[in-house]
Amino acid sequence: EFQGSDPRRPTPAHRRGQHTGIESPTAMFCAALPLAAAIVRGPPILRYGSAAIDTRGAPSLIAPSSVASALEGTDSALDSMDLAALALDGSFRPTRGPDGRLEPVLTLPGDSLETTPPMGAVTVSSTAATLGVVALAFVRSGSPLPPLLGVAAGALLGELFSGAFHWATDNYGRLETPVVGFACAAFQGHHLAPWTISHRSVFNNVYKIAGATLPLLGLGLALLPPSGAACVAVMFYLQLVAQEFHRWSHTPPSKLPEWKRRLQRAGVALPVPEHIAHHKPPFDKHYCILTGRLNRVLDSEPVLLWRRLEALVYRVNGQEPLSWKSDKVRALALSLWPARRDAAGQGKFRDSE
């Protein structure tokens, strides 16, 4: 049983409201506008399956056979990841749909794949509000430099925030946790049925995050100068974008339109291989899901940010994260910041309650 998520026994999703995961550029309007701010360095060379694709070259330089081989290799890697996730629980055996994907499995009570008008309305409202806050910063600033710096800082913080929130909800909390309980259960349950997200529409996928951004945008306007409010607005709005990029990374590339694959190859959207690296028990690395560019820095020495934060939490309240199901991960974290010693001074780590 997956600790912390307290999910009900998963059941196959209903066909009503089910989507293929393929969206048009118009439907992705809310996710496409701020993407330029997320580009912090030149595109890498990514390896999909057995074919290396140099994303710095023109698309015409890639042989069609190489592209087909790359798509097939990545589709196969995603399918292998999904089958490995099935083995973690074993309580359900979804069938494959006509498109070859596993049928969606809903792990949370009340969850649905249906897309409703209010979902679209709140997502569009969040998009409009974010654009309004950024535009206001440019109007009220005597120079374009402060707003530009605010947007750039918001993009960087957006990547970092996506990782921090992912790390926290993956490792702590449960469905009953106040405020963020549903997010904790959703992220933890996602490891059991990772393919389900690919069956959601863009609005179904991001509307809860969109709703959460609206009061935060207002708070930023009330408490911060215009450029600071723009920074905060971009940071929070990019969580919608990150969640949508997360969905793409679970969708077989052969099922994605070319423009989405190009964003992934350019490193603007989270690449599939980068996120597959996260879906390996104990799910202790690769938490950033906007572009994934910060993961290499945050996961490697001497930074090891997540292990240091886990050791800090354990030192403060004795709570062990789910990633510490791995003795290796636990030992590494405690070696960076030893836990509080017992009253007798014997040097034993304090066990969680």
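Student: What covers the buried residues of α12?

Tutor: The cover includes α11 (305-317). Bear in mind that this is a predicted model.

Student: Which residues of α12 are buried, and what does that word require?

Tutor: In α12, residues 327-336, the buried ones are V329, R330, A333 and L334. Buried means a relative accessible area under 20%, so each of these four falls below that value.

Student: How do you know that the buried residues of α12 line one face?

Tutor: Viewed down the helix axis, the buried residues of α12 lie within an arc of 125°, so they line one face. An α-helix has 3.6 residues a turn, so residues three or four places apart point the same way.

Student: Which residues are on the other side of α12?

Tutor: D327, K328 and S335 are there, and they are exposed. Exposed requires over 50% relative accessible area.

Student: Why is V180 called partly exposed?

Tutor: V180 has a relative accessible area of 33%. The term covers values between 20% and 50%, so V180 is partly exposed.

Student: What is the predictor's confidence in the chain?

Tutor: The mean pLDDT of the protein chain is 82, with 76% of its residues at 70 or more. Over residues 14-63, however, pLDDT stays under 50. Residues 341-353 are also below 50.

Key: Residues are numbered from 1 along each chain as its sequence is written. This is a predicted model: local features need pLDDT of at least 70, side-chain atom pairs count only at pLDDT 80 or more; totals for chains, interfaces and linings use all residues. Side-chain values use heavy atoms; hydrogens and water are left out. pLDDT is the predictor's confidence in each residue, from 0 to 100. Contact means heavy atoms within 4.5 Å. Buried means under 20% relative accessible area, exposed over 50%, partly exposed in between (1.4 Å probe, protein chains only). Helices (H or I, at least four residues) and strands (E, at least two) are DSSP runs, numbered from the N terminus. The arc is that of the directions from the helix axis to the C-beta atoms.
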